[in-house]
Amino acid sequence: MEKKYDIIVVGSGLGGLVTATILSKEGLRVLVIEQNNQFGGNLQTFQRGTSIFSTGMNYIGALGDGEFLNTYFRYFNVFNELELSRLDLNGFEEVSFGDNDKRYRYAQGYDNFKETLSSYFPKERKSIQNYLEKIWDITDRFPLLHLDRYKSIVKGEAYMNGGVSDFIESISENLVLKNVLSATNSLYGGNKANTPLYVHALVNRQFIHSAWRFVDGSQQLVDAFLKQIRANGGELMNKTEIRKIRFEDDQSVIVESHLGEQYSAKKIISNIHPAKTLDLIEDSRLKKIYRQRIKSLPDTAGMFTVYFVLKKNSFKYLPRNIYHFKNQQVWFDEKTAWPQQLMFYTAANSQNPEWANTASVLSLMSYSEVKKWEQSFVEDRGQDYLDFKTEKAEKLIDLLEQRIPNFRSHIQTYYTSTPLTYRDYTSTRNGAAYGIQKDHQSPYQSVIMPQTSIPNLFFTGQNTNMHGALGVTASGVLAAGEILGLDYLTNKIYSSIR
Ligand SMILES: Cc1cc2nc3c(=O)[nH]c(=O)nc-3n(C[C@H](O)[C@H](O)[C@H](O)COP(=O)(O)OP(=O)(O)OC[C@H]3O[C@@H](n4cnc5c(N)ncnc54)[C@H](O)[C@@H]3O)c2cc1C
């Protein structure tokens, strides 16, 4: 442990990568430590034979010129490294219910979204307008999304209150319209009782601006960040699980790996789930009540995914996501027979863009479904677990065939993952898809700040701010802002793109 860093970032998910990029760009000596072989957390891709699959990011929003993420990704110098394919301008999401043939599409662009949806529900034009105005109004209150007027936005929290399902319920009497507007809730682990409106608004608005698929998977985003961190003089270490964090004083922290190796820095930023981070620290400054609060916060549901290798030139690439529901019940409810909903997409590939080589179907799944195998680890959970996965995969494909008849005829082979897979690969507590569940009924309880009562301990990632490319990027800016000064940093980012 000869070398002392300014910053150690533990975990190389998007939150860790963004924070490390910003701080290394500012000349700080940064070390990123990742437990897995591959960097990227949920951004990493995995390979089966020659097929590549994304783990946890199949599309990304607001990357058009001047849009929220475009600004940040240009500042990080990663934007020009990306190969993206824009989803259909007139239908990037498509919603359907049961065996009804009717399809409802979300279009990109404020007016296009309004006109397209109004064409299905001509009598509901005003409700759709009201919906959009509210979504825009709420998201206009987030200073990090509007750097051009960062200082003038009153940093009030009025937007924190209110649930999405209550709001959608209030805008119209039309059940189908309400269900269409709620249909993408699996993107945020939507929970009818708790999910705040601001979570729905942030997720939907970014994609209404613009929606993009990564060509050949999301690993390219990881590679672009790693390149920048290295170019800025930062260091990267994989296959190193941090098991202990010890603070010597306000300017010195030591982390210890599974091999007993120690690394030292002035400050540490944890990209690990906050509850799991606290388990690594014994320090009286972290009060019992704080620990209890963080540990008691529930997480979102997890995800069951079937990854398909498709027969060659058999199924066309679809420039949209499909959200299909067994019936008109759109909010996830673990007491209802599984699966009640699915999200299906084909991956964009550079080799044969017209045809899909691979596709995935995802459905929210409660941890209770896999809890009985929680003492086991990947590849060693027993035959009954394998049988469970096959049974669930076949049920999900049955539901998919309600929407795409004979889909099975296109499948060459398939693989599956459950919430336990995520738990073991990305250390997400209970394999939750999106980390801590935000709750409009106790909005401040469910939001974790990047700073802590230990002056040189900070959090980054989806649990501190919000999940998804946009939310996690903002979490990285907030964490780096704690160290550099948020006004200084936002001004610098804004000046760089003006
Ligand atoms: C199935 C699924 C689909 C999704 N689809 C989309 C999408 O299409 N678009 C979108 O915008 N978002 C999507 N998301 C959400 C998005 O992927 C996540 O919000 C985001 O990637 C989380 O980033 P993070 O930095 O918070 O954490 P993570 O990605 O969880 O990274 C944490 C990292 O910390 C490492 N780590 C943990 N413990 C230790 C330790 N002790 N020592 C060292 N390293 C450690 C982990 O290995 C991991 O690499 C999806 C998520 C899921 C699960």
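**Close-up views of helix contacts, ligand shell and domains**

**View 1. Tyr110, Phe113, Lys114, Leu117 and Ser118 of helix H3 meet Arg125, Ile128, Gln129 and Leu132 of helix H4.** Contact means C-beta atoms, placed from the backbone, within 7 Å; helices (H or I, at least four residues) and strands (E, at least two) are DSSP runs, numbered from the N terminus. The model is predicted, so local features need pLDDT of at least 70 and side-chain atom pairs pLDDT 80 or more, while totals for chains, interfaces and linings use all residues. Numbering starts from 1 along each chain as its sequence is written. In the contact of H3 with H4 there are 5 nonpolar, 2 polar and 2 charged residues (nonpolar: Ala, Val, Leu, Ile, Met, Phe, Trp, Tyr, Cys, Pro; charged: Asp, Glu, Lys, Arg; polar: the others, Gly among them). H3 spans residues 110-120 and H4 residues 125-139; their axes come within 9 Å and cross at roughly 150° (lines fitted to C-alpha atoms, for helices over the stretch in contact, with angles from 0 to 180 degrees between N-to-C directions). H3 and H4 are therefore roughly antiparallel to each other (over 145 degrees; under 35 is roughly parallel, 65 to 115 roughly perpendicular, the rest oblique). The crossing of H3 past H4 is right-handed (near helix turned clockwise from the far one by less than a right angle; anticlockwise is left-handed).

**View 2. Helix H5 (residues 164-171) packs on helix H6 (residues 175-182) at an angle of about 145°.** The axes of H5 and H6 are 9 Å apart, and H5 passes H6 in a right-handed crossing. From H5, the contact takes Ser165, Ile168 and Glu169; from H6, it takes Lys178, Leu181 and Ser182. By class, the contact of H5 with H6 consists of 2 nonpolar, 2 polar and 2 charged residues.

**View 3. The ligand is surrounded by 37 residues, the closest being Gly11, Gly13, Gly15, Gly41 and Gly461.** At least two residues of the shell come from each of helix H1 (14-25), strand E5 (59-61), helix H12 (419-426) and helix H13 (468-484). The shell holds 16 nonpolar, 19 polar and 2 charged residues. The ligand lies between domain 1 (4-45 + 60-83 + 217-297 + 448-497) and domain 2 (84-214 + 299-431), because both give residues to its shell.

**View 4. The chain is assigned domain 1 (4-45 + 60-83 + 217-297 + 448-497) and domain 2 (84-214 + 299-431).** The bounds come from an automatic or database domain assignment. Taken over C-alpha atoms, the centres of domain 1 and domain 2 are separated by 26 Å. Domain 1 puts 31 residues into the contact and domain 2 puts in 23 residues. On the side of domain 1 that touches domain 2, two or more residues come from each of E5, helix H2 (68-75), helix H8 (219-231), helix H9 (274-279), H13 and helix H14 (486-497). H13 gives the most to that side, with 5 residues. The side of domain 1 that touches domain 2 comprises 14 nonpolar, 14 polar and 3 charged residues.

**View 5. The axes of H2 and H14 cross at roughly 90° and come within 9 Å.** H2 and H14 are therefore roughly perpendicular to each other. Thr71, Tyr72, Arg74 and Tyr75 of H2 make the contact with Ile493, Ser496 and Ile497 of H14. The contact of H2 with H14 has 4 nonpolar, 2 polar and 1 charged residues.

Key. Near = placed C-beta within 6 Å. Contact = placed C-beta atoms within 7 Å.
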